[in-house]
Amino acid sequence: MAESRGQWSGRLGFILAATGSAIGLGNLWKFPYITHENNGGAFVLVYIAMVLLVGVPIMIAEILVGRRTQLSPVGAFRILGQDKPGGKVWSGVGFLGVLAGFTILSYYSVVAGWTIHYTWLSFTGKLAELATDPVGLQTYFGGEFLANGPQQIVYHLLFMGLTTGAVYFGVKGGIERVAKILLPLLFLILIILLFYSSTTSGFHEALRFLFIPDFSTLTTGSVLEALGHAFFTLSLGMGAMLTYGSYIGKDISIPRAAFQISLLDTLIALIACVIMFSIINSSNIDVSKSSTILFTTIPTVFAQLPAANFFNAIFYLLIGFAALTSTISLLEVVSSYAIDDLGWSRQRSTLTMGSVIAVFGVLNALSLGGNTKLSSINLVGRESTAGIFGTMDYLASNWFLPVGGFLIALFVGWVLGARETSEELEKGHGVFAWFKLWRLLIRFVAPLAVGAIIVSVILGREYQ
Ligand code: TRP
């Protein structure tokens, strides 16, 4: 059975693929702009605390369930839950994950598709041209580009094609191979951009903004937003890490891997902030609060440089690479369900699921045109925005992921016994000295914190 499902080639393959899943539009797009809106410093600290107190423990829990059962979410919860209180009902957590994967992928790939268009515009020099006039670029993005239905569909389908292609070739031959090529490239591009940003006049101001906390600006809303984002950026709550964990061997330390993946993800998010704030600070461009900075403001700043086309191109390639390793993990959750539970071959499952999601995503691609205001596009936000795009985003970020994460924490903390979990965590690790702390976090802190998100959604509170 394990043979036909596939396995990573080893520790590095797993860490890279999982880190690739974690690093995505969440890090490069959402994190910089919510950090900006929440006034930097203190928000960053709270976010790091949330990653450590809630994110890492839940990631450990997901990987643990995956490796223990060697199954994707639906089967994993069914098998582990069957002789426990609640029984087979727990497999519902897996179904929720599959549904979340389906939903998120259908709109995530629309935004990811924009990076293809922008990379193309960079190579041809058209982007730099448009960006010499900030208003011109905004009009182009919001009007011409988003409202162009056929174009939105083509890029979305292209991105779904790339995603499906990678998953089609399997765990080692597809997913891991793509991650092993794209992640080093992504790090390289980030280092080039970081180096460049350190030479700009806005660099010190950016560091000060990010790393000197001012707690007087912190609100309950910021804390919840930090928590919600920690969840999304670490790919938690829908069994993506669980599925990736089902392809690792017993010789890998789960706590160490979870910590490393979270550390890399956080590091990249912070570097992205340093880069973006430095270049924005050093120009005199007025940054609106809009979530579309990435596609409107950044090229305007690059346009002032001698090598505008080069910087634009590597910048959008970077975002595209990051997005691709994330969409791959979203599709893998959905197609591994059909592989494990319906007994389909990987090829059949990937092609079917990939096509269904691609077709469904067309509705999202079209919902951006004309009547949707720019400011209402909020990729992983809280607000229920107009159109199907907004509804999908709202459902996934506010309901599927938090509820899924809450149930995963309850299951691992309360339904699985201490013996069963500690036994699994010690494989490949030896005695897990932090076991008691982890168990405390997964039993009490994680469910309460994630529960708070759900309660605030029910009460209809906005973050801001
Ligand atoms: N973590 C990715 C990001 O930051 C998005 C993502 C990929 C994701 N797979 C996921 C989010 C699974 C939640 C669950 O962009």
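**How the helices cross**

Guide: Let's start with H12 and H20, whose crossing is left-handed. Keep in mind that this is a predicted model.

Visitor: Why are H12 and H20 called roughly perpendicular?
Guide: Helix H12 (residues 220-233) and H20 cross at roughly 110°, and their axes come within 10 Å. The label covers angles from 65 to 115 degrees. The angle falls in that range, so H12 and H20 count as roughly perpendicular to each other.

Visitor: Which residues of H12 and H20 meet there?
Guide: From H12 you have Leu224, Leu227, Gly228 and Phe231, and they meet Ala449, Val450, Ala452, Ile453 and Ser456 of H20. Sorted by class, that contact has seven nonpolar residues, two polar and no charged ones.

Visitor: Which residues make the contact between H19 and H20?
Guide: H19 brings Ala418, Thr421, Ser422 and Leu425, while H20 brings Phe435, Trp438 and Arg439. By class, this H19 and H20 contact has four nonpolar, two polar and one charged residues.

Visitor: How do you know that the span of H20 is close to what is expected?
Guide: H20 has 24 residues, and at 1.5 Å a residue the expected span is 34 Å. From first C-alpha to last, H20 reaches 33 Å, which is close to that value. After H20 comes Gly460, with a positive phi near 75°.

Visitor: Why are H5 and H6 called roughly antiparallel?
Guide: Helix H5 (residues 73-81) and helix H6 (residues 91-123) pack at about 170°, with axes 7 Å apart. Roughly antiparallel means over 145 degrees. The pair passes that cut-off, so H5 and H6 are roughly antiparallel to each other.

Visitor: And what meets what between H5 and H6?
Guide: Pro73, Val74, Phe77 and Arg78 of H5 meet Ser91, Val93, Gly94, Phe95 and Val98 of H6. Here the classes are six nonpolar, two polar and one charged.

How values were computed:
Residues are numbered from 1 along each chain as its sequence is written. This is a predicted model: local features need pLDDT of at least 70, side-chain atom pairs count only at pLDDT 80 or more; totals for chains, interfaces and linings use all residues. Side-chain values use heavy atoms; hydrogens and water are left out. Contact means heavy atoms within 4.5 Å. Helices (H or I, at least four residues) and strands (E, at least two) are DSSP runs, numbered from the N terminus. Ala, Val, Leu, Ile, Met, Phe, Trp, Tyr, Cys and Pro count as nonpolar, Asp, Glu, Lys and Arg as charged, and the others, Gly among them, as polar. The expected span of a helix is 1.5 Å times one less than its number of residues. Axes are lines fitted to C-alpha atoms, for helices over the stretch in contact, and angles run from 0 to 180 degrees between N-to-C directions. Angles under 35 degrees count as roughly parallel, over 145 as roughly antiparallel, 65 to 115 as roughly perpendicular and the rest as oblique. A crossing is left-handed if the near helix is turned anticlockwise from the far one by less than a right angle, and right-handed if clockwise.
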